[in-house]
Number of protein chains: 2
Amino acid sequence: MVYRRTKKVDQKLEARLQAIMQAARDEFARNGFYGTSIKDIARRAGVGVGTIYLYLRNKDALFAALVNEAYEMVLDRIARARKNAGSGRQKLQASMEAALAVLQENRDLARVMLVQSPAGHPAVAEQLYDLLHRLAKLVEEDVEEEIARGELPPQDARIASLAFVGTFYQVVMGWLKEGVPADLTAAGKELVAYNLRGLGYRVEGVKEDG
Amino acid sequence: MVYRRTKKVDQKLEARLQAIMQAARDEFARNGFYGTSIKDIARRAGVGVGTIYLYLRNKDALFAALVNEAYEMVLDRIARARKNAGSGRQKLQASMEAALAVLQENRDLARVMLVQSPAGHPAVAEQLYDLLHRLAKLVEEDVEEEIARGELPPQDARIASLAFVGTFYQVVMGWLKEGVPADLTAAGKELVAYNLRGLGYRVEGVKEDG
DNA sequence: TGAAATAATGAATCTCTATTCATTGTTTGA
DNA sequence: TCAAACAATGAATAGAGATTCATTATTTCA
């Protein structure tokens, strides 16, 4: 009468949770928060409707978990990239490249986070805004440092950092919504140059290729 | 038995329609599409629920009408600003200033269009994306012209124009969501400088203040 | 193997809100 | 002033979909 889960069942439960999360990622990425029903997710995951409620408190929690997953992934990747960078300029450049790389590798998650999350629960939409805000803060600090060092001309670091983050947002949205640019990291080269120039760095002539 | 509307009634009807539209603008701007019920709008407009359906087909149509209103206003304002501009650089600068000015003058509408519209019906969200896309196209043409003229260095005009539009999106979102910058058109000066530098123009030293 | 414990199921419930329409109020013109 | 036409109203309807829970299936271990 003592029931204790075997490893086999544990694995099954874990696999089920993953199946549900994956199904949710697919559905939310394609149809948005309001366009996706729990039934849709259950069907795709191959489980009953009630099963989902054994794993996640409710629909909001499920969506929030996904957004959070994306959020952590992006921040973590950028933080790691910055660790290996020396100068402020290198930090900025490394951040940009890391952000584009991680998005390119997780297109569905990016779609949930950037395209669909604003359409979800207001609290969840706030999360995306908060992420962009945090990224802008990082940039702002770098820019202020560089201004103090005389590497960049005096300017409103706040506006510059918002502008900086904004360029990414728009380019990534283009990639997500119509596949242009086709290769995000390749386009990154131009984007990096645009922002470095925008901030006031001297940038070597940007050749179209190689 | 022949009933013909008098001018007085016509005016009353028009005023009522406007009251409904204004109430919808307020509510949608604050609570988004799904967070706003027809009842909310009716209450704020001081009319019965059914009355709204005498003026507008349904909730979607009401929302779409508002988004469209914002859309037209922005495009129109930019088009007019560009007419008075000579060089490509002037066209770009005039577009930027016009966009910021019209948004600053219509904050609620801007909020509906930029913050809440993606949360509405997918078809309506598409409209916002389409607007940004159109603006990017305008920029792209200007940039290509300037490259051909040798006024700007060779670059991927597509990426540059997306980046350009993106800077605005982000700064305007900051203004809408937390009031930073407080004065959009004032911040515009920095923003214009950022983008002109980003594109590759030589920009005179940007002083912090007048 | 079988009784106890855990997991999964999906029909039924519950809630919410867009939309309708029978009723009431207002305007018109003779 | 009054009957016909128009306009406004909000309670009732309808439909969608999130969540629950009584029932069934699976797992454990003596």
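Visitor: Which residue forms a salt bridge with A:Lys91?
Guide: This is a predicted model, and side-chain atom pairs count only at pLDDT 80 or more. The closest N and O atoms of the pair are 4.0 Å apart. The partner of A:Lys91 is A:Asp142.

Visitor: How many residues apart are A:Lys91 and A:Asp142?
Guide: A:Lys91 lies in helix α5 (residues 88-105) of chain A, and A:Asp142 lies in helix α7 (residues 122-148) of chain A.

Visitor: In chain B, which residue forms a salt bridge with B:Asp142?
Guide: The closest N and O atoms of this pair are 2.9 Å apart. B:Asp142 lies in helix α7 of chain B and its partner in helix α4 of chain B, so the pair ties together parts that are 60 residues apart in sequence. Both residues are buried. The partner of B:Asp142 is B:Arg82.

Visitor: Why are B:Glu140 and B:Lys137 separated by about one helical turn?
Guide: An α-helix has 3.6 residues a turn, so residues three or four places apart point the same way. The side chains of B:Glu140 and B:Lys137 meet in a salt bridge, at 3.3 Å from N to O. They are about one turn apart because their spacing in helix α7 of chain B is three residues.

Visitor: Is B:Lys137 buried or partly exposed?
Guide: Buried means under 20% relative accessible area, and exposed means over 50%. At 11%, B:Glu140 therefore counts as buried. B:Lys137 has 35% relative accessibility, so it counts as partly exposed.

Visitor: Which residue is joined with A:Asp26 and A:Glu27 into one network?
Guide: Over all chains the structure holds 26 salt bridges. Some of them share partners, and in this way A:Asp26 and A:Glu27 are joined into one network with A:Arg44.

Visitor: What arc holds the buried residues of α2(B)?
Guide: Helix α2 of chain B covers residues 38-45, and its buried residues are B:Ile38, B:Ile41, B:Ala42 and B:Ala45. Seen down the helix axis they line one face, because they fall within an arc of 100°.

Visitor: Which exposed residues does the face of α2(B) turned away from its buried side carry?
Guide: The buried side is covered by elements of chain B that include α1 (7-31), α3 (49-55) and α4 (59-83). The face turned away from that side carries B:Lys39 and B:Arg43.

Visitor: Which residue follows α2(B)?
Guide: Helix α2 of chain B covers residues 38-45. The residue after the helix has a positive phi, near 75°. That residue is B:Gly46.

Visitor: How are the two copies related?
Guide: Chain B can be laid on chain A with an RMSD of 0.1 Å, by a turn of 180° and a shift of 0.1 Å along the axis. The same surface serves both copies, since 100% of the contact residues of chain B recur in chain A. The copies are thus related as by a two-fold rotation axis.

Visitor: Which residues of chain B lose the most area to chain A?
Guide: The two chains bury about 3400 Å² between them, 62% of it on carbon and sulfur atoms. Three residues of chain B together account for 21% of what that side buries. They are B:Tyr129, B:Gln170 and B:Tyr194.

Visitor: How many salt bridges are there between chain B and chain A?
Guide: In this interface, 39 residues of chain B are in contact with 39 residues of chain A. The rule finds 10 residue pairs in polar contact across it. For salt bridges between the two chains, the count is zero.

Visitor: Which helix supplies the largest share of the side of chain B that touches chain A?
Guide: Across this interface there are 10 residue pairs in polar contact. On the chain B side, α7 (122-148), α8 (157-178) and α9 (184-199) each supply at least two residues. The largest share, 16 residues, comes from α8(B).

Visitor: How many helices does chain A have?
Guide: The C-alpha trace of chain A spans about 75 × 40 × 35 Å along its principal axes. Buried residues make up 50% of its 210 residues. There are zero strands in chain A, and the number of helices is nine.

How values were computed. Residues are numbered from 1 along each chain as its sequence is written. Chains are lettered from A and ligands numbered from 1 in the order in which they are written. This is a predicted model: local features need pLDDT of at least 70, side-chain atom pairs count only at pLDDT 80 or more; totals for chains, interfaces and linings use all residues. Side-chain values use heavy atoms; hydrogens and water are left out. Copies are superposed by least squares on the C-alpha atoms of residues with pLDDT of at least 70 in both. Contact means heavy atoms within 4.5 Å. Buried means under 20% relative accessible area, exposed over 50%, partly exposed in between (1.4 Å probe, protein chains only). Helices (H or I, at least four residues) and strands (E, at least two) are DSSP runs, numbered from the N terminus. The arc is that of the directions from the helix axis to the C-beta atoms. Buried area is the accessible area (1.4 Å probe) that two parts lose on being put together, summed over both. A polar contact is a pair of N or O atoms within 3.5 Å; within protein, one must be able to donate a hydrogen and the other to accept it, and residues adjacent in sequence count only if both atoms are side-chain atoms.
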